[in-house]
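Please look at the structure before reading on.

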Amino acid sequence: MEALSNAGNREIFIKTTFENMATSKGNGESELKELFVDELKDIYWAEKHLTKALTKMAKSATSDELQTAFEKHLTETENHVARLEQVFEVVGEKASAKKCDAMAGLIEEAEGLIEDTKEGTLTRDVALISAAQKVEHYEIASYGTLKTLAGVLGYPKAAQLLEATLAEEKKTDSLLTEIAEGSINESAKAE
Ligand SMILES: [Fe+2]
């Protein structure tokens with residue numbers, strides 16, 4: 001009899017434990033989704049404001065090579081905005097932007113660098129590349145996290161969209177390094 005009663009208790013204990021796990025999994029998942037959507041709103045704001053900043057950066061660049069790189073990334077950025085709208089749709093949320101203080105600061109810094117450097121100099125291009133790479137690194141970190149979270153939350157289509165943007169941000173970062181190291185840094189030193 002005692003053995004049976006122990007078995008019964010154990011069954012109750014296991015059932016309760018599983019129920020607790022299920023409940024906590026439920027809460028954890030919704031909190032993680034909330035965090036994911038918050039981060040999405042943050043990068044959505046950042047990308048939208050970047051389109052304006054990149055237009056200004058392209059106009060301010062001295063070398064044709066850098067100007068072309070910024071113009072290309074501007075087109076890509078417009079596409080990043082559209083991709084984020086698709087991600088919002090895939091996860092069943094309304095697309096909305098939330099001010100990203102970090103990106104606002106990085107854009108402000110870029111504008112300051114334009115003011116502090118002379119027009120038509122390669123020193124200005126060095127400054128613009130530096131500012132743009134800080135932006136890219138912020139985006140690479142954000143999209144890396146978002147892509148991983150999309151996978152964890154069970155949104156493979158969203159993860160795929162975020163990965164496509166992440167790849168373009170990484171490529172832009174490499175291109176900017178190439179441009180800087182190719183000739184701009186050395187030529188700026190000779191100015
Ligand atoms: Fe982007």
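## Two antiparallel helices

Helices α2 and α5 are roughly antiparallel to each other, because the angle between their axes is about 165° and an angle over 145 degrees counts as roughly antiparallel. The two axes lie 10 Å apart. The crossing of α2 and α5 is left-handed. These values come from a predicted model.

## The overall fold

The protein has 5 helices and 0 strands. Read from the N terminus, the order of its elements is α-α-α-α-α. Of the 191 residues in the protein, 30% are buried.

## Helix α2

Helix α2 covers residues 64-90, which is 27 residues. At 1.5 Å a residue, α2 should span 39 Å, and this agrees with its end C-alpha atoms, which are 39 Å apart.

Which residues of α2 are buried? They are L66, A69, F70, H73, T77, H80, L84 and V87. An α-helix has 3.6 residues a turn, so residues three or four places apart point the same way. Just after α2 comes G92, with a positive phi of about 75°.

Helix α4 runs through residues 122-152 and has 31 residues.

Two packed helices are described by the angle between their axes and the distance between the axes. For α4 and α5 (residues 156-190), the axes come within 8 Å and cross at roughly 160°. That angle makes α4 roughly antiparallel to α5. The crossing of α4 and α5 is left-handed.

What kinds of residues form the contact of α4 with α5? There are 18 nonpolar, 9 polar and 8 charged residues in it.

## The nonpolar core

The largest nonpolar core has 41 residues. Within this core, the residues that touch the most other members are L40, M57, L128, L146 and L162.

Which elements give two or more residues to this core? They are α1 (2-60), α2, α3 (101-116), α4 and α5. The largest share, 12 residues, comes from α4.

Conventions:
Residues are numbered from 1 along each chain as its sequence is written. This is a predicted model: local features need pLDDT of at least 70, side-chain atom pairs count only at pLDDT 80 or more; totals for chains, interfaces and linings use all residues. Helices (H or I, at least four residues) and strands (E, at least two) are DSSP runs, numbered from the N terminus. The expected span of a helix is 1.5 Å times one less than its number of residues. Axes are lines fitted to C-alpha atoms, for helices over the stretch in contact, and angles run from 0 to 180 degrees between N-to-C directions. Angles under 35 degrees count as roughly parallel, over 145 as roughly antiparallel, 65 to 115 as roughly perpendicular and the rest as oblique. A crossing is left-handed if the near helix is turned anticlockwise from the far one by less than a right angle, and right-handed if clockwise. Ala, Val, Leu, Ile, Met, Phe, Trp, Tyr, Cys and Pro count as nonpolar, Asp, Glu, Lys and Arg as charged, and the others, Gly among them, as polar. A residue is buried if 20 or more other C-beta atoms lie within 10 Å of its own, exposed if 12 or fewer, and partly exposed in between; C-beta atoms are placed from the backbone. A nonpolar core is a set of buried Ala, Val, Leu, Ile, Met, Phe, Trp, Tyr and Cys residues joined through C-beta atoms within 7 Å.
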